[in-house]
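Subject: Structure handover

Hello,

Please find the structure below. My notes on it follow.

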Amino acid sequence: MRYDIGMTSELITPVKTFLHDLQNRICQILEQEDGLAKFAEETWQHHSGGGGISRVIENGAVIEKGGVNFSHVEGCELPKAATDKRPELANASFQALGVSLVIHPQNPYVPTAHLNVRCIIVEKAGKPPIWWFGGGFDMTPYYGFEEDCVHWHQMAKAACAPFGEDIYPKFKKWCDQYFYLKHRDEPRGIGGLFFDDLNEWDFDQCFAFMQNVGNHFIKAYQPIVARRKNHAYGGLERDFQLYRRGRYVEFNLLYDRGTHFGLQSGGRTESILMSLPPQVTWRYNWQPERGTREAELYETFLVAREWV
């Protein structure tokens, strides 16, 4: 469904309101779960219009580093990350709204988690606006727990359930394929949901789906954090966590469309790269010893499988 140009602001307002509220709710729950650190907030302006609110939490009791960012930026030309798939939209003005977060925990038994929900509206002279939604959430454990992975995917499935039985399998598969490190021939984590260019339903239904994904993220993540944050660990587990974080860095810099879109559109670099962990290590040709919990991650959790 397409709308007249005069209705663009009418479309954006409820999306922006929801995203502000989502950012607030997630930050509040994460602060409660951490119990020590608080989010520091910084507002910023985009050079071509709009801006955002960046919130970063560091050196907490649970969260070593995390960011929950809201952005609403405007531009006169879509970045290459968008026009590669939609060359007909070259030289079109756009507005992009979204909330993006990455949480890097201190405890290796608490997984890293990522959420992004976004809406893009494009206008080209003489033509009605075009819009689409995208986003999803995925989880990257360092030590695998079956019940955590099942719960994560139960919440992903619940987010999709009102929109059709085929939605979760479709977007779960898309997530598995998207968050895959081709140069390593391994997945980044245990997946979740990923969708992009969503406009096959009308605007209200697509927006409702994006809201459901955003709302189910904290239902998926908070119980896992609560279960694992007091798990005892030592230097071995911490070293493995830092090693596995290297995979996260590699994916975000090499493949992540959101990172590329932000940098290519002249976005705020500090906010875009808040997804990177504070500490990370690389080892040359390292392999885990057979029979260890580290090997179990590769053998049992970083494999294609159905969790629910």
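Is the crossing of α3 and α4 right-handed or left-handed? The crossing of these two helices is right-handed (left-handed if the near helix is turned anticlockwise from the far one by less than a right angle, right-handed if clockwise). Helices (H or I, at least four residues) and strands (E, at least two) are DSSP runs, numbered from the N terminus.

This is a predicted model, in which local features need pLDDT of at least 70, side-chain atom pairs count only at pLDDT 80 or more, and totals for chains, interfaces and linings use all residues. Residues are numbered from 1 along each chain as its sequence is written, and side-chain values use heavy atoms, with hydrogens and water left out.

Helix pairs

α3 (residues 146-160) packs against α4 (residues 167-178) at an angle of about 125°, with the axes 8 Å apart. Axes are lines fitted to C-alpha atoms, for helices over the stretch in contact, and angles run from 0 to 180 degrees between N-to-C directions. α3 is therefore oblique to α4 (under 35 degrees is roughly parallel, over 145 roughly antiparallel, 65 to 115 roughly perpendicular, the rest oblique). On the α3 side H153, A156, K157 and C160 meet I167, Y168 and K172 of α4 (contact means heavy atoms within 4.5 Å).

α3 and α5 pack at about 165°, with their axes 8 Å apart, and are therefore roughly antiparallel. Their crossing is right-handed. Among the residues in this contact are W152 and M155 of α3 and F209, F217 and Y221 of α5.

Helix α5

The 26 residues of α5 (residues 203-228) should span 38 Å at 1.5 Å a residue, and the end C-alpha atoms, 39 Å apart, agree with that (the expected span is 1.5 Å times one less than the number of residues). D202 caps the N-terminal end of α5, with a side-chain oxygen 3.3 Å from the backbone nitrogen of D204.

The sheet

Seven strands form an open sheet in the order β1-β2-β3-β4-β5-β6-β9, with antiparallel pairing (two strands pair if DSSP finds at least two bridges between them). β1 (40-45) and β9 (191-198) are the edge strands, each pairing on one side only. β3 (residues 63-75) and β4 (residues 93-105) are joined by 12 bridges; G66 has I103 in β4 as its bridge partner.

Regards

How values were computed. A polar contact is a pair of N or O atoms within 3.5 Å; within protein, one must be able to donate a hydrogen and the other to accept it, and residues adjacent in sequence count only if both atoms are side-chain atoms.
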